[in-house]
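Let's take a friendly walk through a protein structure, one part at a time. Have the picture open beside you and look up each residue as it comes along.

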Amino acid sequence: MRRHLVKSEKPNLSVSWRDVGTIIAIATIAGFLLLALLGGISPQAMAATSMKPSGNSLAVAVRETNARFKDVSVAVAEGYSPIPCTSGVDGGAMGVHYVNAKYLEDEAPDIGRPQAVMYEPTANGKMELVAVEYISFKGPASLKGQLFSFTGAPNRYGLKPFYELHVWAWRPNPKGVFADMNPNVTCEHAHMH
């Protein structure tokens, strides 16, 4: 009689969080592609869906209240003046800020009176509304429960310490609806304005 000795080996089933993230990302992409193929969704429609504005309740309220600023001439007529396009060192940008110096004196944030209205310069020479910024020199400041970020002095703006809140109400921001920089915004065409 022959005996076969088989060494019992346990398979290595350990998976790192990085592997899990990769698996989820691949599954998500595959799911979207399958949905697109089976549901007849065009790649253009999928791209448009990923560029929809935030559904965050504050972003929705800001978008509804400040829709008039889609036309940059309205901002100018209301006393806003442009400052140069702001790009981030890690990529992305804030865009061109149109600042209302009078509103910088406001005692409390008002959803309909942002201190800055932010536009992305486009290749066709137009300005596209992407966000607004609320600024307060009194703090801690908040708007509808959302706390502002603190910026100390000295700062790149030459201002005394202040509190600020960006609201990316018109342009989705993968860094968050209240982040400073947005990788989906560029200053590439700022020279045209």
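## A pocket to start with

Two strands, β2 and β4, each supply at least two residues of the lining of the largest pocket. Please keep in mind that you are looking at a predicted model. The residues that line this pocket are I83, H97, V99, L104, A116, E133, I135, Y157, L159 and F162. How much space lies in the largest pocket? The computed value is about 190 Å³.

## The chain as a whole

Now step back and take in the protein chain. Its secondary structure comes to four helices and eight strands. Read from the N terminus on, the elements run α-α-α-α-β-β-β-β-β-β-β-β.

Of the 193 residues in the protein chain, 35% are buried.

Six strands form an open sheet, with antiparallel pairing and the order β1-β2-β3-β4-β8-β7. Which strands stand at the edges? They are β1 (81–87) and β7 (149–151), and each has a single partner strand, so one side of each is left without a neighbour in the sheet. On average, neighbouring strands of this sheet are turned by 35° against each other, direction ignored. As background, strands of a sheet pair through backbone hydrogen bonds, either parallel or antiparallel.

Let's zoom in on one pair. β1 and β2 are joined in the antiparallel sense over five bridges. Here P82 stands opposite Y98 in β2, while I83 stands opposite H97 in β2. Both I83 and H97 also belong to the lining of the largest pocket. The hairpin of β1 and β2 has five residues between the strands, and in this hairpin G91 takes a positive phi near 100°.

In soluble globular proteins, nonpolar side chains tend to be buried together. In this model, the largest nonpolar core holds 27 residues, and those touching the most other members are V62, Y119, Y134, L165 and V167. Which elements give two or more residues to this core? The answer is α3 (57–65), β2 (93–99), β3 (116–121), β4 (127–136) and β8 (162–167). There is also a second, separate core of nine residues, which includes V130, A131, M181 and C187.

Y119 is worth a look of its own. Leaving aside neighbours within four places in sequence, Y119 is in contact with a list of residues that includes F69, V72, A75, V96, Y98, M127 and L129. V130 from the second core is also one of the contacts of Y119.

## Two residues in a loop

Finish with the loop between β2 and β3, where you will find Q115. Is Q115 buried or exposed? Q115 counts as buried because its relative accessibility is 1%, and the cut-off for buried is under 20%. Not counting residues up to four places away in sequence, Q115 touches Y80, Y98, V99, N100, Y103, L104, D106, E133, Y134 and I135.

G112 is found in the loop between β2 and β3 too. With 16% relative accessibility, G112 also counts as buried. Residues touched by G112, not counting those up to four places away in sequence, are T65, N66 and R68. Although G112 and E64 are 48 residues apart in sequence, they are 9.4 Å apart in space, C-alpha to C-alpha.

Conventions: Residues are numbered from 1 along each chain as its sequence is written. This is a predicted model: local features need pLDDT of at least 70, side-chain atom pairs count only at pLDDT 80 or more; totals for chains, interfaces and linings use all residues. Side-chain values use heavy atoms; hydrogens and water are left out. A nonpolar core is a set of buried Ala, Val, Leu, Ile, Met, Phe, Trp, Tyr and Cys residues joined through side-chain atoms within 4.5 Å. Buried means under 20% relative accessible area, exposed over 50%, partly exposed in between (1.4 Å probe, protein chains only). Contact means heavy atoms within 4.5 Å. Two strands pair if DSSP finds at least two bridges between them. Axes are lines fitted to C-alpha atoms, for helices over the stretch in contact, and angles run from 0 to 180 degrees between N-to-C directions. On a 1 Å grid over the protein atoms alone, a cavity is a set of points where a 1.4 Å probe fits but cannot get out, and a pocket is an open set with protein on both sides within 12 Å along at least five of seven lines; lining residues have an atom within 4 Å of a point. Grid points are joined across faces, edges and corners, and a volume is the space filled by probe spheres set on the points.
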